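Work through the exercises below with the sequence and the 3D structure in view. Each task is followed by a worked solution.

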Amino acid sequence: MQRKLVTLSDDRNQPCTPCPKMADKTPTESSALYATRIDPMNAELSNEHKHFIRQVELQQWKKKVGTLRTRNVLTGLTIGALVVGIYGYTFYSVSQERIMDDLDEKANLARLGEPKTGAN
């Protein structure tokens, strides 16, 4: 199947040219040496170049780890604050409940209002 380029031309009888692949993101070969991508595992590099590559990768890793650590600490503190807030609110709301006190008062009033018998 050949792709066709859709054009908005006035001439409807003109054939369309094939559309280039837009999703193909593979890098093309560069004539510049500084822009050429190399695979450090397969390329024949001197020990100096390998050492330099390791140093650059280590610096990049340290930079990423610093930002990642900060983000992880902030996330942990946020989750911890949420948990402590829910825990504290639960204790506060339970301490405000007077349902059991009201039931005990009603039971005592009901007991006092009944006539005394030998079973009481």
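The exercises that follow concern a predicted model.

**Exercise 1.** State how many helices and strands the protein chain has, and what share of its residues counts as buried.

Solution. The protein chain has two helices and zero strands. Of its 120 residues, 2% count as buried. The accessible surface of the chain comes to about 12300 Å². Carbon and sulfur atoms account for 60% of that surface.

**Exercise 2.** Check whether the length of helix α2 agrees with its number of residues.

Solution. Helix α2 covers residues 99-113. The expected span is 1.5 Å times one less than the number of residues. For the 15 residues of α2 this gives 21 Å. The end C-alpha atoms of α2 are 21 Å apart, so the two values agree. As for cover, the count of buried residues in α2 is zero.

**Exercise 3.** Find the residues that make a nonpolar surface patch, and classify Leu-103 as buried, partly exposed or exposed.

Solution. Ile-99, Met-100 and Leu-103 make a nonpolar surface patch of about 320 Å². Leu-103 lies in helix α2. Its relative accessible area is 47%.

**Exercise 4.** Describe the geometry of the aromatic pair and the exposure of its two residues.

Solution. The structure holds one aromatic pair. The ring centres of Tyr-87 and Phe-91 are 4.9 Å apart, and their planes stand at 70°. Planes over 60 degrees apart count as edge-to-face, so this pair is edge-to-face. Both residues lie in helix α1 (residues 47-96), four residues apart, which is about one turn of the helix. The cut-off for exposed is over 50%. Tyr-87, at 55% relative accessibility, is therefore exposed, and Phe-91, at 53%, is exposed too.

Technical notes: Residues are numbered from 1 along each chain as its sequence is written. This is a predicted model: local features need pLDDT of at least 70, side-chain atom pairs count only at pLDDT 80 or more; totals for chains, interfaces and linings use all residues. Side-chain values use heavy atoms; hydrogens and water are left out. Buried means under 20% relative accessible area, exposed over 50%, partly exposed in between (1.4 Å probe, protein chains only). Accessible areas come from the Shrake-Rupley method with a 1.4 Å probe; for residues, only the protein chains shown count as cover. Patches are made of residues with over 30% relative accessible area and no salt bridge: like charges are joined within 9 Å, nonpolar side chains (Val, Leu, Ile, Met, Phe, Trp, Tyr) within 5 Å. A salt bridge is a side-chain nitrogen of Lys or Arg within 4 Å of a carboxyl oxygen of Asp or Glu. Rings of Phe, Tyr and Trp (its six-membered ring) pair if their centres lie within 6.5 Å; planes under 30 degrees apart count as stacked, over 60 as edge-to-face and the rest as tilted.
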